[in-house]
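Here's a quick tour of a fold. Have a look at the sequence and the model, then read on.

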Amino acid sequence: MGKRTKKVGPTGKYGPRYGVKVRKRLKEVETAKSRKYICPNCNHQSVKRVGTGIWKCRRCNLVFAGGAYRPFVSTSYRKETGRGPQTIEEEPAEGEENV
Ligand SMILES: [Zn+2]
């Protein structure tokens, strides 16, 4: 038997209602939030959404804050400042030329 909702995915529950465009956008969000993500701590694909903006790794039990529907968002404050799970690099100390 073929997969019944190959095209519409989680938005199949709405049938033909609300318009194609809206349902397509919803599908993106719904699949993004139910997917498993790579854990920034143990690098295993076991991060799941617990609630809005709350993500938890089922392997190392790390709980961290992220986007509402995906753990890492492109427009986040964290990315701009270089902090957070994706970019944990220490900046080299400056002013060493005075030594
Ligand atoms: Zn983990």
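Predicted model: local features only at pLDDT ≥ 70, side-chain atom pairs only at ≥ 80, totals over all residues.

What follows goes from the overall layout to the sheet, its hairpins and one cysteine.

## Ground rules

Residues are numbered from 1 along each chain as its sequence is written.

## Overall layout

The protein chain has two helices and four strands, running α-β-β-β-β-α from the N terminus on. Both kinds of element are DSSP runs numbered from the N terminus: helices are H or I with at least four residues, strands are E with at least two.

Of the 99 residues in the protein chain, 10% count as buried. Here "buried" means 20 or more other C-beta atoms within 10 Å of the residue's own, "exposed" means 12 or fewer, and "partly exposed" is in between, with C-beta atoms placed from the backbone. Take contacts between residues at least 6 apart in sequence: 12% of them join residues at least 24 apart. A contact here is a pair of C-beta atoms, placed from the backbone, within 7 Å.

The four strands make an open sheet, ordered 1-2-3-4, with antiparallel pairing. Strand 1 (37-38) and strand 4 (63-65) are at the edges with a single partner strand each, so one side of each has no neighbour in the sheet. Two strands count as paired if DSSP finds at least two bridges between them.

Going across, two bridges join strand 1 to strand 2 (residues 45-51), and Ile38 sits opposite Gln45 in strand 2. Four bridges link strand 2 to strand 3, where Gly51 has Ile54 as its bridge partner. Three bridges then tie strand 3 to strand 4, with Ile54 opposite Ala65.

The hairpin of strands 2 and 3 has two residues between the strands, and Gly53 takes a positive phi near 80°. The hairpin of strands 3 and 4 has five, and there Asn61 takes a positive phi near 60°.

## Cys39

Which loop holds Cys39? The one between strand 1 and strand 2. Cys39 is buried, because 22 other C-beta atoms lie within 10 Å. Beyond its neighbours within four places in sequence, Cys39 contacts several residues, including His44, Cys57 and Cys60. The C-alpha atoms of Cys39 and Pro71 are 9.5 Å apart, with 32 residues' separation along the chain.

Methods
Contact = placed C-beta atoms within 7 Å.
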